Amino acid sequence: MLQTVGEWLWWERLWLPRNVSWSDLEDSEGRVYAKASHLCAALPCALCLLLVRYLFERYLAIPLANVWGIRDSVRRKAEPNAILENYFCSRGQVPSQVDVTSLCKKTSWPERRVQVWFRRRRNQERPGIRKRFCEASWRGVFYFFAFVGGVLALYDKPWFYNLKEVWAGFPKQSMLPSQYWYYLVEMGFYLSLIFRITFDVKRKDFKEQVVHHIATMTLLSFSWISNYIRIGTLVMAVHDFADIPLECAKMFNYAKWHLTANSLFVVFTIIYIVTRLVIFPFWLIHCTWVYPLEQFAPFFGYYFFNVMLLVLQILHLYWALLISQMVYKRLNKLLLYFLCY
């Protein structure tokens, strides 16, 4: 049975165009091709990045937070109560009015006191500003170096300037060392985020972030095995660029440099619109939908890869709506600042 599943999983028609087999992608004559076994290196890379992140946050981010005077606010702790604690941990952090009435009877506390207890208990669970600052600084540093590395890996390649070159000779395209390391580091980073997902700060778009990380790992893995590496590197570079000013804006916001944070957020919004709402759908997705058909007939991998890109684009549109609401507030603050200056 396992052999049958394995044969179906690696069926060439799932991964490769018609008239192309895995034997055509065997290393020969100095040409090296991407292989599924290479993906195993993402795990040790992720573990190394987790170690680097720990050292970065401990010896760079925390001292920087101290220099900038970033302190966690003092929060009043909820007084010990086994009944309310049991409800909080097992049933939810925000009780309904009916449950509040029931808890009042069980604890012999007035309703106001129960509500205050839950508010203080929820505040205890919220991560402090210093933790948020450390996370933002780590991501900002990673995205900066990842983007610079991506540009260095792409700037002298013909497909960086002419997207039709992405499919020249596909799928028999030899893997370059720069592509290997770029993919490895990016996959290791997103895998490390998945490992840390229960420990990192949970934001309002937590579920969307989980979908994004899973879709990204799926895209990277599939594009690697199917040798969609050229378009994969372009997609990664486009995504990394916008995240740099976003994480920097968060850092300055936590440091209460609000004018700088608001200005960086406006810069992020402009870059986000250009890269993820213009370049990504109208250049890169167009490149993966239209140009391949000039080289080969559609196959499962063609449809799967494009569907996953559309999943990312749907997330981009969702986040664009949230960003537009936030940038409206920040533009009003910037305008008010300059009018009062």
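A residue is termed buried at under 20% relative accessible area, exposed at over 50% and partly exposed in between, with a 1.4 Å probe and protein chains only. The structure is a predicted model, in which local features need pLDDT of at least 70 and side-chain atom pairs count only at pLDDT 80 or more, while totals for chains, interfaces and linings use all residues. Residues are numbered from 1 along each chain as its sequence is written, and side-chain values use heavy atoms, with hydrogens and water left out.

The chain contains 12 helices and zero strands, where helices (H or I, at least four residues) and strands (E, at least two) are DSSP runs numbered from the N terminus. Of its 341 residues, 44% are buried.

The structure holds 36 aromatic pairs. Rings of Phe, Tyr and Trp (its six-membered ring) pair if their centres lie within 6.5 Å; planes under 30 degrees apart count as stacked, over 60 as edge-to-face and the rest as tilted. The rings of tryptophan 15 and phenylalanine 222 are stacked, because their centres are 5.2 Å apart and their planes lie at 25 degrees. Tryptophan 15 belongs to helix 2 (residues 12–15) and phenylalanine 222 to helix 9 (residues 206–225), so this pair ties together parts 207 residues apart in sequence.

Phenylalanine 222 is also stacked with phenylalanine 305, at 6.5 Å centre to centre and 25 degrees between the planes. Phenylalanine 305 lies in helix 12 (residues 300–340) and phenylalanine 222 in helix 9, so the pair ties together parts 83 residues apart in sequence. Both phenylalanine 222 and phenylalanine 305 are buried.
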